[in-house]
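Please walk through this protein model with the text below. Keep the sequence and the 3D view open side by side.

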Amino acid sequence: MGERKWEGTTYGNGLMHRWLIAILRIVDVRIVYWFAYIFVIPPCVLFRPGYGFIYRYFRECWGDSPFKAFCHTYQNHCIFAEAVIDKFAMYAGRRFDLTIVGYEYFEQLAQQPEGFVILSSHVGNYEIAGYSLVAAKKRFNALVFSGEKESVMKNRNRMFSQTNIRMIPIREDMSHAFEMDAALTNGEIVSIPADRIWGSLKSLAADFLGREAHFPMGPFSVATARGLHVLAINVMKTSTRGYTAYVTPLDYDREAPRKEQISQLHSLYVAELERIVRQYPTQWYNYFDFWRQ
């Protein structure tokens, strides 16, 4: 399997992405799903290093037999392919049904003058929320992987410009930290993925699915530096055309010492992530050795 980490970019090039968008404007999304199941997923399962990590995830975290783990790994790749196709379907003008559990928590914070932080994870299809879960009075700033394909970033920018969302690419010079700070100073929303270390040397350990895992300290530090409200949002695929967004407040003690605030917020986030993953085990999309990151 090797130790190479998943690069985090969408498969294909600009021409392929444009063709996919054009096809999805006229073809039912389910036909594209089946094409992926038959022609795309098998070579990915056989030849991509991410297969081994997901297979081991089902074997070690869920106690699957070898055959069951293989079936779940294939299912995981299929659902991930659906999530990617769904994003391109959105670029093509298609819409999906989104049920929001806990929307009142988001709406309450969106009405307040202070900014707040959203912690996301690499499960489900969080990007779908960006086209539906928006605040009329606050700009939404999403921290994103800077190495994503240019064609995908262009489509995201086009879609997000309609909903007052700005992407902040993660940069090696850490300039994204100043952009996040400025956004929070202006009372805006900042969304940060909190399940990948991104090369940071500062991390926090926690028991996750029965094994010790490490999570980046940065997202929890950003929120507690100002004593901000924090939501965990995970958007999970529930049907061919349906998603459910789970909005969960992470109510840490904002009067506690800073170190304790970070520890509490980290524990609350990990507990919520584990709750979601236990409910949707095949929608775990960390295609690298997560427990050794």
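Predicted model: local features only at pLDDT ≥ 70, side-chain atom pairs only at ≥ 80, totals over all residues.

Residues are numbered from 1 along each chain as its sequence is written, and side-chain values use heavy atoms, with hydrogens and water left out.

Start at strand S8, residues 230-239. Strands (E, at least two residues) and helices (H or I, at least four) are DSSP runs, numbered from the N terminus. Is S8 mostly covered or mostly uncovered? Mostly covered: eight of its 10 residues are buried. Buried means under 20% relative accessible area, exposed over 50%, and partly exposed in between (1.4 Å probe, protein chains only).

S8 has pairing partners, where pairing requires at least two DSSP bridges between two strands. Strand S2 (residues 116-120) pairs with S8 in the parallel sense, over three bridges. Here Ile 118 has Leu 231 of S8 as its bridge partner. Strand S9 (residues 242-249) runs antiparallel to S8, and eight bridges join the two. Asn 234 is bridged to Tyr 246 in S9. A hairpin of two residues connects S8 to S9. In a regular strand, side chains alternate between the two faces of the sheet.

A cavity is a set of points, on a 1 Å grid over the protein atoms alone, where a 1.4 Å probe fits but cannot get out; lining residues have an atom within 4 Å of a point. Grid points are joined across faces, edges and corners, and volume is the space filled by probe spheres set on the points. One cavity reaches 30 Å³ or more. The largest cavity holds about 70 Å³. Its lining includes Phe 53, Tyr 57, Arg 211 and Trp 284. Helix H3 (residues 50-61) gives the largest share, five residues. The lining divides into seven nonpolar, one polar and four charged residues.

Turn to Gly 218, in helix H8 (residues 218-225). Gly 218 counts as partly exposed because its relative accessibility is 37%. Its C-alpha atom lies 9.5 Å from that of Ile 262, 44 residues apart along the chain.

How values were computed
1 Å grid on protein atoms, 1.4 Å probe; cavity = no way out; pocket = protein on both sides within 12 Å on 5 of 7 lines; lining within 4 Å. Nonpolar A, V, L, I, M, F, W, Y, C, P; charged D, E, K, R; others polar.
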